[in-house]
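Some labels in a structure description rest on cut-offs.

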Amino acid sequence: MFTDLKWHHELDWRPWSYTDFADPIALMVNGIRGQLRRSSARTKLELSGAKDSGSDALEFLTEGDEWLQETGSEPRLESSTEMFNWRVGESLPEPLPGEIEIARVVISEWRHVEIATGELRKFEALENIFSIRARWRSGRYRYRAVDDFNSEFYILPQTSRRTLTLSKLIELLETGYASNRNFECGAIGLVRHWWNAELLYGFWKVDGFNADLKECTKGAKVESELYPMLPVWYEERAEEWVRETQPRVDV
């Protein structure tokens, strides 16, 4: 899996600690569970420079339900064909004392809607968040994965004495799975399975819209405030997946 020599140094990198946020804004938004609320907070904090503690940006640090009541809880269809479910992420369990999110996988699905003319339009609907968390307890870091639906996940490693290297975190994402039988995933891995699922569903293809296979890789996007190269690694894997999958689609 790790044959690219240019990644050799990056894969061995680890943060000094899980409280070692180089970006103060990253630290501020880490505790925000909702995906849209987190994105909105980051935008407002960046615009305000995160200097004014009385800034309107801080309203996004309040509880999700309060923010949703003020903003509106219904999903909205954007002109960019994206549907933001405002509650995605808000149902994640509250962090345990001292717990930090070290990565998250944003799960979405392409869907179709028929407009008045009878034509189909494609939109990306947020569905779920896989939040990978760590906390220091009894001389070791303890890891767990949680999602919006209270699924039970099996991940390795479950503990470590030091922070994980980038390669170990990738292995956690590549080998983790939900242990309860009724979970939709039903496969090993918390990222690439969802690319294959989007390919199987076929909703990434609509006449008159972009039918690029890379649309399937939007089914699971990886984010991390502590491992800046993690999303980059998965972007490259997404490109590889497209190259490997294209011949099968063309048959």
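Contact here means heavy atoms within 4.5 Å. On that basis, among contacts in the protein between residues at least 6 apart in sequence, 61% join residues at least 24 apart. The model is predicted.

Q: What makes up the secondary structure of the protein?
A: The protein has seven helices and nine strands.

Q: Why is S108 called buried?
A: Buried means under 20% relative accessible area. S108 has 3% relative accessibility, so S108 counts as buried. S108 is found in strand β3, residues 100–114. Across the protein, buried residues make up 44% of the 251 residues.

Q: Which residues of helix α6 are buried, and what do they pack against?
A: In α6 (residues 192–201), the buried residues are H193, W194, W195, A197 and E198. The buried residues of α6 pack against β3, β4 (120–137), β9 (220–223) and α7 (229–250). Just after α6, G202 takes a positive phi of about 80°.

Q: How many aromatic pairs are there, and why is the pair of W13 and Y227 called edge-to-face?
A: Rings pair if their centres lie within 6.5 Å, and planes over 60 degrees apart count as edge-to-face. By this rule the count comes to nine aromatic pairs. The ring centres of W13 and Y227 are 5.8 Å apart and the planes stand at 90°, so this pair is edge-to-face.

Q: Why can the pair of W13 and Y227 be said to tie together parts that are apart in sequence?
A: W13 lies in the loop between α1 (8–11) and α2 (24–30), and Y227 lies in the loop between β9 and α7, so the pair ties together parts that are 214 residues apart in sequence.

Q: What makes W136 and Y141 an edge-to-face pair?
A: The distance is 4.8 Å centre to centre and the angle between the planes is 75°, against limits of 6.5 Å and 60 degrees. Y141 has a relative accessible area of 12%, so Y141 is buried. Ring pairs link Y18, W136, Y141 and Y143 into a cluster.

Q: Where do charges sit over rings?
A: The distance limit is 6 Å from the ring centre. The charged end of K122 sits over the ring of W110, 4.5 Å from its centre. R237 lies over the face of W233, at 4.4 Å from the ring centre.

Q: Which residues touch the most other members of the largest nonpolar core?
A: Of the 43 residues in this core, Y18, I102, L173, Y227, L230 and Y234 touch the most other members. β3, β4, β5 (140–146), α5 (166–175), α6, β9 and α7 each supply at least two residues of this core. Apart from this core lies another, of six residues, among them V106, L126, I129 and V146.

Key. Residues numbered from 1 in each chain as written. Predicted model: local features only at pLDDT ≥ 70, side-chain atom pairs only at ≥ 80, totals over all residues. Heavy atoms only, no water. Helix = DSSP H or I, 4+ residues; strand = E, 2+ residues; numbered from the N terminus. Buried < 20%, exposed > 50% of the residue type's maximum accessible area, 1.4 Å probe, protein only. Phe/Tyr/Trp six-rings, centres within 6.5 Å; stacked < 30°, edge-to-face > 60°. Lys NZ or Arg CZ within 6 Å of the ring centre and 35° of its normal. Core = buried A, V, L, I, M, F, W, Y, C linked by side-chain atoms within 4.5 Å.
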